[in-house]
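This briefing goes through selected features of one structure, grouped by topic. The sequence and the model come before the notes.

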Amino acid sequence: MKNIAEKNYKTKAIEFYRMAFKGNPRKAVEHFVGNHYIQHNPLVTDGKAGFIDYFEQMAREYPDKEVQFVRSVEEGNLVALHTHQTWKGEGEYVTMDFFRFDENGKIVEHWDAIQDIPDETANGNTMY
């Protein structure tokens, strides 16, 4: 039987994302990030401090934002999260986040893409 320290990467990625998004990025980094953190989002500086600064600012500016996890995929040490974000007064977004984990089960690299959710689509399909 697995103990809590052996959770799968998908579960860890979701817990990390939720904790940071809901206003506690420092705790998220302490629990889930490895020694070095490589950031590929062009709006966030590299490293743990850059991540914490960005998410603390986001929490101050958008305290009522919400995130729903639509799906997650794990392959080896990579996790992809597909989310629906609602930023009250700003809009709704679909995001894809990718996380790479190290041999200790810690997040060490992140990529993402964000897209506005349109009112209509040419194909009639939702973003999910």
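This is a predicted model: local features need pLDDT of at least 70, side-chain atom pairs count only at pLDDT 80 or more; totals for chains, interfaces and linings use all residues.

Leaving aside neighbours within four places in sequence, Tyr 62 is in contact with Trp 87 and Glu 90.

**Tyr 62**
- Tyr 62 sits in the loop that runs between α3 (47-61) and β2.
- With a relative accessible area of 24%, Tyr 62 is partly exposed, because that class begins where buried, under 20%, ends and exposed means over 50%.
- A distance of 16 Å separates the C-alpha atom of Tyr 62 from that of Phe 51, and the two residues are 11 apart along the chain.

**The sheet**
- The sheet is open and consists of five strands in the order β1-β5-β4-β3-β2, with mixed pairing.
- Its edge strands are β1 (33-39) and β2 (66-75), each of which pairs on one side only.
- From one strand to the next, the twist averages 25 degrees.
- Strand β4 (residues 91-101) and β3 are antiparallel to each other and pair over 10 bridges.

**His 84**
- Strand β3 (residues 78-87) contains His 84, and the bridge partner of His 84 in β4 is Val 94.
- His 84 has a relative accessibility of 16% and therefore counts as buried, the cut-off being under 20%.
- A polar contact of 2.6 Å links the side chain of His 84 to the side chain of Glu 92.
- Not counting residues up to four places away in sequence, His 84 touches Glu 66, Val 67, Gln 68, Val 70, Glu 92, Tyr 93, Ile 117 and Tyr 128.

**Helices on the sheet**
- Helix α1 (residues 9-21) lies across β1, β2, β3, β4 and β5 (107-116), and runs at about 155 degrees to β2.
- Helix α2 (residues 25-32) also packs on the sheet, where α2 touches β1 and β5.
- The direction of α2 makes about 120 degrees with that of β1.

**The buried side of α2**
- Which residues of α2 are buried? They are Pro 25, Ala 28, Val 29 and Phe 32.
- These residues lie on the same side of α2, because they cover an arc of only 95 degrees around the axis.
- The elements against which the buried residues of α2 pack are α1, β1, α3 and β5.

Key. Residues are numbered from 1 along each chain as its sequence is written. Side-chain values use heavy atoms; hydrogens and water are left out. Helices (H or I, at least four residues) and strands (E, at least two) are DSSP runs, numbered from the N terminus. Buried means under 20% relative accessible area, exposed over 50%, partly exposed in between (1.4 Å probe, protein chains only). A polar contact is a pair of N or O atoms within 3.5 Å; within protein, one must be able to donate a hydrogen and the other to accept it, and residues adjacent in sequence count only if both atoms are side-chain atoms. Contact means heavy atoms within 4.5 Å. Two strands pair if DSSP finds at least two bridges between them. Axes are lines fitted to C-alpha atoms, for helices over the stretch in contact, and angles run from 0 to 180 degrees between N-to-C directions. The arc is that of the directions from the helix axis to the C-beta atoms.
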